[in-house]
Amino acid sequence: VDETPNMITLSGFSAIRRQVAKRAIEKLILDGRIHPARIEETVEEAKRDLALDLKKAGEDALFELGITGIDPKLVLILGRLKYRTSYGQSNLQHAIEVAHLSRLLAEELGADANVAKKGGLFHDIGKAVDHEVQGSHPELGYTIMKKFNFPEEVAYPTIAHHEDKPKTLIGVIVKVA
């Protein structure tokens, strides 16, 4: 908080922590009771509200794409992409668009459209955690996909979209999309 009247500036590397802070500050200002105990209580409320928002965002993306059977923990990780941006666009919206394009390209090329769609949706999943965990987002994404027992053909696009020459057709499709 600086000396600029009627303005609070939030900054930080984690989009999730910034969102928690934003929600907590908004609630505190509306309520008007700002003291240490109330701040702690409000931050916890903001975390709970944000967790519900992340879950809904992940579920909505999966519903839009007709993807089922995803572990609830991965749904939350997917929802985190809503608050991560690249070039001003939500990474979750980008992932949904890549999934749609991957499916269309796979259909045209005779590849497995469902595998391409999942590979497209999760290609940047590593960006959901790359500010909290050491490693590049392709490596982190691949690790996440393997942790949740995705087959290699769905996990590989997390790496392939940053390779010069992807090794599989699905990898090429997701990179193009």
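Predicted model: local features only at pLDDT ≥ 70, side-chain atom pairs only at ≥ 80, totals over all residues.
## Overall layout

The protein has 9 helices and 2 strands. Read from the N terminus, the order of elements is α-α-α-β-β-α-α-α-α-α-α. Along the principal axes, the C-alpha atoms fill a box of roughly 60 × 30 × 25 Å.

## Helices α2 and α4

Two packed helices are described by the angle between their axes and the distance between the axes. Helix α2 spans residues 36-65. Its axis comes within 11 Å of that of α4, and the two cross at roughly 15°. An angle under 35 degrees counts as roughly parallel, so α2 is roughly parallel to α4. The crossing is right-handed.

On the α2 side, the contact uses A57, A61, E64 and L65. On the α4 side, it uses L92, I96, A99 and H100. By class, the residues of this contact are 6 nonpolar, 1 polar and 1 charged.

## Helices α4 and α9

Helix α4 covers residues 91-109, and helix α9 covers residues 169-176. They pack at an angle of about 130°, with their axes 8 Å apart. The pair is therefore oblique. The crossing of α4 and α9 is right-handed.

From α4, the contact takes in V98, S102, L105, A106 and L109. Their partners in α9 are L169, I173, V174 and V176. This contact holds 8 nonpolar residues, 1 polar residue and no charged ones.

## The largest pocket

The largest pocket has a volume of about 180 Å³. Its lining counts 16 residues. Which of them lie nearest the centre? They are H94, V98, H123, D124 and H161. V98 also belongs to the α4 side of the contact with α9.

Three elements each supply at least two lining residues: β2 (89-90), α4 and α9. Of the elements, α4 gives the most, with 3 residues. By class, the pocket lining divides into 4 nonpolar, 9 polar and 3 charged residues.

## The largest cavity

How many cavities of 30 Å³ or more does a search of the whole structure find? It finds 1. About 90 Å³ of space lies in the largest cavity.

Its lining includes the run F13, S14, A15 and I16. R80 and R84 also take part. K127, A128, V129, D130, H131 and E132 complete the lining. By class, the cavity lining has 5 nonpolar, 2 polar and 5 charged residues.

## Residue S86

Where does S86 sit? S86 is in strand β1, which spans residues 85-86. Leaving aside neighbours within four places in sequence, S86 is in contact with N91 and K127. K127 is one of the residues lining the largest cavity.

S86 and H162 are 76 residues apart along the chain. Their C-alpha atoms are separated by 15 Å.

Conventions: Residues numbered from 1 in each chain as written. Heavy atoms only, no water. 1 Å grid on protein atoms, 1.4 Å probe; cavity = no way out; pocket = protein on both sides within 12 Å on 5 of 7 lines; lining within 4 Å. Points joined across faces, edges and corners; volume = space filled by probe spheres on them. Nonpolar A, V, L, I, M, F, W, Y, C, P; charged D, E, K, R; others polar. Axes fitted to C-alpha atoms, helices over the stretch in contact; angles between N-to-C directions. Helix = DSSP H or I, 4+ residues; strand = E, 2+ residues; numbered from the N terminus. Parallel < 35°, antiparallel > 145°, perpendicular 65-115°, else oblique. Left-handed = near helix turned anticlockwise from the far one by under 90°. Contact = heavy atoms within 4.5 Å.
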